[in-house]
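Q: I would like to examine one part of this protein closely and then see what surrounds it. Please begin with the part named below and continue from there.
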Amino acid sequence: MKHAYVFPGQGAQYSGMGKDLYENNAEAKALFEKANEILGFRITDIMFGGTAEELKQTNVTQPAVFLHSVILAKTLDVKPDAVAGHSLGEFSALVVSGALSFEDGLRLVAKRAAAMQAACEVQPGTMAAVLGLKDEVVEQICKETEGTVVAANYNCPGQLVISGAVEAIDAACEKAKAAGARRALKLPVGGAFHSPLMEPARVELEKAIMEAPFQTPSCPIYQNVDAKPHTDAAEIKNNLIAQLTSPVRWTYIVEYMLKDDFTRFTELGPGTVLQGLIKKVSADVEIESKSAL
């Protein structure tokens, strides 16, 4: 039985996340304190007792979700046959697979969050979830809509998130509803992630990723950009850079894993979002979510 560990992305955060790890495990506490030092502020105070609004800030959310996932994995001493992560979760997956050190992974996540925040301020945008249409129909709507709007997150069959300029997203949502979408609603996000509007962030992050020391992972990582398994450090870096302006192909990652005989999935980190998405791709797999010891 092949066992994959999967890691959630931005949006999975909640107040109190990781607190039990900090209080009940000495190794976890030491890693959280190291993270506070690296980041230059006490992110643990916000994770354990911050408001939803405080946790929603990109420069907090991304490192917080990363830390919860990675520290939990380290305290469980996981040995997966493969890993994958949704958007930001790909960085958690890389650290857990040994491709990146904890410290370098956290520095890259902090850099990514700051670069994405800056890109949002330069070119405001948004995202919307379209439910109940085939991927090809949504892709065609994006092509036919004036302005910047692209498919951003292929989450599961019948659920595709689009990303782009606000006016273009509004127009695409109306077209999706007219085409029979069950819902087409804007998401409470601060920008057009995984779209061409993230190009300034991609440029910013490219240098940091190219300079960071990546190792060969202990197991394959199925990456967002092409949904395929990778073990070559140079390929992993290039895919990670492209990820910021490319769609997250989560549906296809799960389908590839199923073809490669993965029958067991464990989601590590806050929330159970990925568990729900994986079940919608296949009801036959064994899946669990862990957010605590």
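How many residues does helix α5 have, and how far does it reach from its first C-alpha to its last?

A: The structure is a predicted model, in which local features need pLDDT of at least 70 and side-chain atom pairs count only at pLDDT 80 or more, whereas totals for chains, interfaces and linings use all residues. Residues are numbered from 1 along each chain as its sequence is written, and side-chain values use heavy atoms, with hydrogens and water left out.

Helix α5 comprises residues 58-76, has 19 residues and spans 27 Å from its first C-alpha to its last. That reach is close to the expected 27 Å at 1.5 Å a residue (the expected span is 1.5 Å times one less than the number of residues). Helices (H or I, at least four residues) and strands (E, at least two) are DSSP runs, numbered from the N terminus. An α-helix has 3.6 residues a turn, so residues three or four places apart point the same way. Of the 19 residues in α5, 16 are buried, and the helix is mostly covered. Here, buried means under 20% relative accessible area, exposed over 50%, and partly exposed in between, with a 1.4 Å probe and protein chains only.

After α5 comes Asp77, whose phi is positive, near 55 degrees. The side chain of Asp77 meets that of Lys79 in a salt bridge, at 3.0 Å from N to O (a salt bridge is a side-chain nitrogen of Lys or Arg within 4 Å of a carboxyl oxygen of Asp or Glu). Both Asp77 and Lys79 are exposed. Side chains of opposite charge can pair when their charged atoms come close.

The structure holds 14 salt bridges. One of them joins Arg264 to Glu286, with the closest N and O atoms 3.4 Å apart. Arg264 belongs to strand β9 and Glu286 to strand β10 (residues 286-290), so this pair ties together parts that are 22 residues apart in sequence. Arg264 has a relative accessibility of 26% and therefore counts as partly exposed; Glu286 is likewise partly exposed, at 41%. Elsewhere, salt bridges with shared partners join Glu33, Arg42 and Asp45 into one network. Glu33 is partly exposed at 26% relative accessibility, and Arg42 is partly exposed at 37%.

Strands β9 and β10 also belong to an open sheet of 6 strands, in the order β8-β7-β2-β1-β9-β10 and with mixed pairing (two strands pair if DSSP finds at least two bridges between them). Its edge strands, β8 (229-230) and β10, each pair on one side only. Strand β1 (residues 2-7) runs parallel to β9, and 5 bridges join the two. Strand β1 also pairs in the parallel sense with strand β2 (residues 82-85), over 4 bridges. Tyr5 illustrates both contacts: its bridge partner in β9 is Thr266, and its bridge partner in β2 is Val83. Strand β1 is mostly covered, as 5 of its 6 residues are buried.

Rings of Phe, Tyr and Trp (its six-membered ring) pair if their centres lie within 6.5 Å; planes under 30 degrees apart count as stacked, over 60 as edge-to-face and the rest as tilted. The ring centres of Phe32 and Phe48 are 5.7 Å apart and their planes lie at 80 degrees, so this pair is edge-to-face. The two residues come from distant parts of the chain, 16 residues apart: Phe32 is in helix α2 (residues 26-39) and Phe48 in helix α3 (residues 43-49). Both Phe32 and Phe48 are buried. Another pair, Tyr222 and Phe262, is edge-to-face because the planes stand at 85 degrees, with ring centres 6.1 Å apart. This pair links strand β7 (residues 221-222), which holds Tyr222, to strand β9 (residues 262-268), which holds Phe262, across 40 residues. Tyr222 is buried at 3% relative accessible area, and Phe262 is buried at 3% as well. Tyr22, Phe32 and Phe48 together form one aromatic cluster.

Finally, a charged residue also meets a ring: Lys259 lies over the face of Tyr256, 5.3 Å from the ring centre (a charge sits over a ring if NZ of Lys or CZ of Arg is within 6 Å of the ring centre and within 35 degrees of the ring normal).
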